[in-house]
Amino acid sequence: MTAPRVTRSRDLARVTGAAESSMLDAATIAAGIPARELMRRAGVAAATRIAARFGPRARGGVAVYVGSGNNGGDGWVVARELARRGFPVRIREAMTTSTGEAEAAREDTRREMRIDAPRGDEQVIVDALLGIGSRGAPRGPVANGIAEIDRARDRGASVIALDVPSGLDATTGSNEGAVRADLTVTFATMKRGLLVSRDNAGAIEVVDIGIPTPRGSPLPRLVDASYVRESIRPLGASSHKGTRRKIVIVGGTRGMAGAVILAGRGAFRAGVGMVRTLVAPESVAPVQAALPEASAFDWPRDDESAREMLSWADAVVVGPGLGDDARAMVERVLRVSRVPVVLDADAITAFAREPGALGSLLGRRPAILTPHAAELGKLVGASASEVLVRRFEAGAEVASKTGAVVIAKGIPTVCSAPDGGRLVSASGNAALAIAGSGDLLSGVAGTLLAQTDDPHVAAASAAWAHGRAAELARGDRRTVRGITLDEITHCLGDVWEQWPEPLDDGVVASLPAAGDRG
C-alpha cells in the first residue's frame with residue numbers, strides 16, 4: 001500500500017524568521033517589483049480578509065493604529081481599502097512615518113478620506129504599529145497605542161494584526177508587551193514567531209502578495225490538509241487487513257499498559273489492518289481487555305523469539321511505557337529486524353547523549369523518532385528550554401546524526417529529515433497537552449510509516465492528523481479545558497473524512513486559534 005508519488009496542486013507555505021522574510025522581500029524587489037507595490041498588495045489582501053471575516057462587525061467602525069515604518073504603511077493601505085468598501089474608518093498615528101513607502105501610502109490615503117481619531121467604540125481594531133523588524137518590548141507612543149488596543153479588546157472589539165502582532169518577535173516568538181490579536185494576517189510566508197506564540201497571534205492567515213520562494217529553498221514548509229490528503233492513499237474496495245498493513249507495538253511495563261493501549265487505538269484510528277503488542281507479562285490481560293482487536297504477547301526474551309514476533313510486521317513502534325528495560329529491548333529489536341521503526345518515549349531516553357549510537361543501530365532503515373522537548377534534550381544533552389529556543393534546528397541535528405526523521409513535538413511540531421528537509425505541523429490546540437497524547441501519536445505514525453514507506457511523509461502526516469483530531473474534538477467550544485484523550489482518540493477517526501474547508505482565493509495557509517478563546 002505504498003503511497004504513490006504525487007504532483008501537488010500547489011506548494012506549501014514556507015516558514016520564515018525575520019531575516020529570511022526580509023531576504024525574500026529584497027529579492028522580489030530586486031527582480032523588479034517595487035516595494036510600494038508590495039505594500040499595496042499587502043494592504044489590499046489584508047483588507048479583503050478583514051472584510052470577509054469581520055464585515056458585519058466592521059460596519060460598527062474600524063480603528064487602524066499605524067506606526068512609522070512599512071508595517072504602518074500597510075495599515076494606511078488597509079484603511080484606504082476598507083473606506084473604499086464603505087466601512088467607517090478612523091486612524092491613530094502613533095508616530096510620524098519614517099520610510100518613503102509608508103509616507104507615500106499615508107499621503108494617498110489622506111487624499112481619499114478624512115482622517116479622524118478613533119472614538120473608542122469601534123468594533124474592529126487593526127494593529128499596524130510594528131512589523132517583523134521590531135525587537136524587544138515596545139516603548140513610548142507605540143506602547144501607548146498597544147495599551148489602547150488592549151483596552152478595546154477588553155471591551156469586546158476584534159483585533160486584527162498585520163504581519164505580526166506589534167511587539168512579537170517574528171523569529172523567536174518573544175512577546176513581552178505585545179498585542180494579543182484575534183486574527184493575524186501575515187504576508188507571503190508563515191512567521192516562526194506566530195507559530196511559537198499562538199496566544200498572541202490568535203487565528204492566522206497567510207496571504208499571497210506575489211513574493212516567490214526560490215526552487216529548492218531549504219526553508220521549512222507548513223503541512224496542511226491538502227498535503228496529507230494527497231500523501232495518504234485512500235483505501236480501495238478490495239482492501240483487506242493485510243493490505244492495510246500490520247504493526248507491532250513494544251512497550252507496556254508493569255503499570256504502563258495504558259501507553260500501549262493508546263498507541264494501538266491510534267494505529268487503528270489511522271487505518272492499520274492488524275496490531276500485535278509485546279508487553280510485560282502483567283500487562284497482557286489489560287491490553288487484551290482494552291484492545292480486543294489486537295493480539296498481546298509477552299516481551300520476547302531472546303533474539304530468536306524477537307525475530308519471529310517482528311518478522312510479521314510492516315512497521316514496529318517501540319517505547320510507549322517500556323520502562324527500565326528500554327535500552328536492551330530497543331537494541332534487540334533493531335538487531336534482529338530491519339523493519340521500519342518508530343521510537344517513542346523510553347526508547348529515546350535510553351540513548352541519552354548517544355544519538356550516534358542510536359544511529360548505528362538504526363542503520364539505513366526507514367525510522368521516526370517522536371521526542372517531546374525534554375526527551376529531545378536528553379538525547380543531545382540539553383535542557384528542554386534550550387531545545388525549545390532552537391526547536392527548528394535541534395531536531396534537524398538529531399536527524400543528521402541518527403538517520404531518522406525526528407518529530408520534535410510541541411507548538412509547533414517540526415519534522416526534520418536526515419537530508420535537511422523540514423515539514424512543520426501547526427494543527428492542534430492545548431487539549432493535546434495531556435498524558436498519553438504522545439502514545440496516541442506514535443500509533444498513528446507507525447501506521448502511516450507502514451502504509452507509505454516514507455518516514456518524512458508519515459511523520460508530518462501523523463503530526464497533522466493528531467493535531468487535527470484535537471481541533472475536531474474542540475468544535476465550537478470556547479475552551480479546551482475538559483476535553484479528554486478519549487474524545488481526541490474518537491475524533492482521530494474523523495480526520496480522514498472531515499477535512500477543513502478549502503482556502504479562500506489568495507489565502508496560502510490558515511490556522512484556527514489554538515488556546516482558550518477569551
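Alanine 345 is buried, with a relative accessible area of 14%, where buried means under 20% relative accessible area, exposed over 50% and partly exposed in between, computed with a 1.4 Å probe on protein chains only. Alanine 345 sits in the loop that runs from strand S14 (341-343) to helix H13 (346-349), and its phi is near 50°, a positive value in a residue other than glycine. Helices (H or I, at least four residues) and strands (E, at least two) are DSSP runs numbered from the N terminus. This is a predicted model, in which local features need pLDDT of at least 70 and side-chain atom pairs count only at pLDDT 80 or more, while totals for chains, interfaces and linings use all residues. Residues are numbered from 1 along each chain as its sequence is written, and side-chain values use heavy atoms, with hydrogens and water left out.

Arginine 245 also has a positive phi in a residue other than glycine, here near 80°. Arginine 245 belongs to the loop between H8 and S10 and, at 14% relative accessibility, counts as buried. Isoleucine 232 is placed in the loop between helix H8 (225-231) and strand S10 (246-250), and isoleucine 232 is likewise buried, with a relative accessible area of 14%. Which residues does isoleucine 232 touch, not counting residues up to four places away in sequence? They are Leu448, Thr452 and Ser461, contact meaning heavy atoms within 4.5 Å. The C-alpha atom of isoleucine 232 is separated by 8.4 Å from that of alanine 458, although the two residues are 226 apart along the chain.

Helix H19 covers residues 455-474, and its 20 residues reach 29 Å from the first C-alpha to the last, close to the 28 Å expected at 1.5 Å a residue; the expected span is 1.5 Å times one less than the number of residues. Just after H19, glycine 475 takes a positive phi of about 60°. H19 is mostly covered, since 20 of its 20 residues are buried.

The largest nonpolar core has 61 residues, and those with the most contacts inside it are Tyr227, Ile247, Ile368, Trp464 and Ile488. H19 gives the most to this core, with twelve residues. A nonpolar core is a set of buried Ala, Val, Leu, Ile, Met, Phe, Trp, Tyr and Cys residues joined through side-chain atoms within 4.5 Å. Leaving aside neighbours within four places in sequence, isoleucine 488 is in contact with Ala431, Leu432, Leu440, Ala469, Ala470, Ala473 and Ile483. A second, separate core of 38 residues includes Met309, Leu310, Val330 and Ala347.

Turning to the whole, the protein chain has 20 helices and 19 strands, and buried residues make up 56% of its 518 residues. Its C-alpha trace spans about 85 × 45 × 40 Å along the principal axes. Among contacts between residues at least 6 apart in sequence, 74% join residues at least 24 apart.
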